Amino acid sequence: MVIVEQISEMQRWSDAERRQGRRIALVPTMGALHEGHLSLVRDGKMRGDRVVVSLFVNPTQFAPQEDFAGYPRDFERDRRLLDAEGTDVLFHPAPQEMYPEGFDAEIEIRDLSAPLCGAVRPGHFKGVATVVAKLFNIVRPHVAIFGCKDYQQLQIIRRLVRDLNFDVEIIGHPTVREPDGLAMSSRNAYLNSEERKAALCLYRSLRHAEEMVGCGERRGAAIVAGARAEIAREASARIDYVSLCDPESLREIDLVQDAVLLALAVRIGKARLIDNMILKP
Ligand code: AMP
């Protein structure tokens with residue numbers, strides 16, 4: 001596995017591979033890798049002749065009071081895991097390489113960034129859209145793989161590609177879960193053993209809502225109330241939002257007629273966890 005830190009070197013590598021007719025798959029990450037990330041890498045290996053993993057804790061998607069400084073980082077471990085998966089290039093730029101003095105660009109996908117996490121984390125998705133656009137221009141992938149766990153992010157990237165005509169195929173990879181249902185996340189490392197148990201309320205709440213829909217409940221308010229009640233059984237859980245919305249527009253819906261997205265963000269201890277499920281009537 002080659003480790004590349006310079007943008008110009010990454011572009012040269014990708015251009016050479018493209019000239020050889022090889023298909024490049026990109027998996028963007030912020031490191032602190034877990035089985036969810038590695039599952040994306042395996043997906044990338046199947047879809048491309050070469051797989052590039054980017055590891056960059058992007059400062060512009062964290063608000064000043066958020067966990068940028070304390071975000072888990074273990075480069076040596078990540079490097080070993082990616083090497084073992086057969087990653088071709090680990091792209092690991094320094095912040096100054098990505099945002100040199102005078103950097104002044106910003107991409108905003110307006111409507112899709114407004115609800116859910118966007119409402120609680122202003123500016124977050126501008127940071128995400130901008131860094132992903134940069135990564136597409138740096139790595140020049142044919143295909144890029146993102147996790148459905150970050151559902152709003154995935155939709156925003158699909159729109160970025162559509163509206164700005166990036167020639168990149170976007171794949172949404174299913175959420176990888178721990179055996180007990182907790183969605184894997186680098187931020188699970190913040191949980192102590194009590195909080196780890198409490199964190200199961202996210203998945204329980206999604207499953208509960210799924211059962212309600214399975215039993216014929218169609219009223220959005222009732223489903224959201226059911227999901228909230230399931231989370232409220234954990235005294236330590238603080239709900240950021242529970243939202244039932246259209247899976248494409250992310251607008252809230254009142255009545256389940258088609259597949260809907262149930263999306264949650266919950267704070268437990270110092271971890272802010274998100275999860276979601278598509279519910280089908
Ligand atoms: P992150 O390092 O948290 O920015 O995540 C990098 C990529 O991995 C994003 O596309 C995430 O959606 C994806 N990802 C993170 N956790 C999971 C998971 N449990 N299952 C599937 N994809 C995931």
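1. Strand β2 and strand β5 (residues 143–147) pair in the parallel sense, over two bridges. Pairing here needs at least two bridges found by DSSP between the strands. Helices (H or I, at least four residues) and strands (E, at least two) are DSSP runs, numbered from the N terminus. Ala25 has Val143 as its bridge partner in β5. Leu26 stands opposite Ala144 in β5.

2. A word on the source. This is a predicted model, where local features need pLDDT of at least 70, side-chain atom pairs count only at pLDDT 80 or more, and totals for chains, interfaces and linings use all residues. Residues are numbered from 1 along each chain as its sequence is written, and side-chain values use heavy atoms, with hydrogens and water left out.

3. Now the other neighbour of β2. Six bridges join β2 to strand β3 (residues 50–55), and the two run parallel. Leu26 stands opposite Val52 in β3. From β2 the chain crosses through helix α2 (residues 35–47) to β3, and this β-α-β crossover is right-handed. Right-handed means that, with the strands pointing away from the viewer, the path from the first strand over the helix to the second runs clockwise.

4. Is β2 buried or exposed? Six of the six residues of β2 (residues 24–29) are buried, so the strand is largely enclosed by the rest of the structure. Buried means under 20% relative accessible area, exposed over 50%, and partly exposed in between (1.4 Å probe, protein chains only). Ile24, Leu26 and Pro28 point one way, while Ala25, Val27 and Thr29 point the other way.

5. Step back to the whole sheet. Six strands form an open sheet with parallel pairing, in the order β1-β4-β3-β2-β5-β6. Its edge strands, β1 (2–4) and β6 (169–173), each pair on one side only. Neighbouring strands are turned by 25 degrees against each other on average, direction ignored. Axes are lines fitted to C-alpha atoms, for helices over the stretch in contact, and angles run from 0 to 180 degrees between N-to-C directions.

6. Which helices pack on this sheet? Helix α7 (residues 124–139) lies across β2, β3, β4 (89–91), β5 and β6, running at about 145 degrees to β2. Helix α8 (residues 151–163) touches β5 and β6, and its direction makes about 170 degrees with that of β6. Contact means heavy atoms within 4.5 Å.

7. Next, another sheet. This open sheet of three strands has the order β7-β8-β9, with antiparallel pairing. The edge strands are β7 (237–245) and β9 (271–279), and each pairs on one side only. The twist averages 15 degrees from one strand to the next. β7 pairs with strand β8 (residues 260–268) over eight bridges. Tyr241 has Ala265 as its bridge partner in β8.

8. Helix α10 packs on this sheet, touching β7, β8 and β9, and its direction makes about 20 degrees with that of β9. Helix α11 lies across β7, β8 and β9, running at about 155 degrees to β7.

9. How do α10 and α11 pack? Helix α10 (residues 200–214) and helix α11 (residues 220–232) pack at an angle of about 150 degrees, with their axes 8 Å apart. That makes α10 roughly antiparallel to α11. Angles under 35 degrees count as roughly parallel, over 145 as roughly antiparallel, 65 to 115 as roughly perpendicular and the rest as oblique. Residues that meet include His208 and Met212 in α10, and Gly226 and Ile231 in α11.
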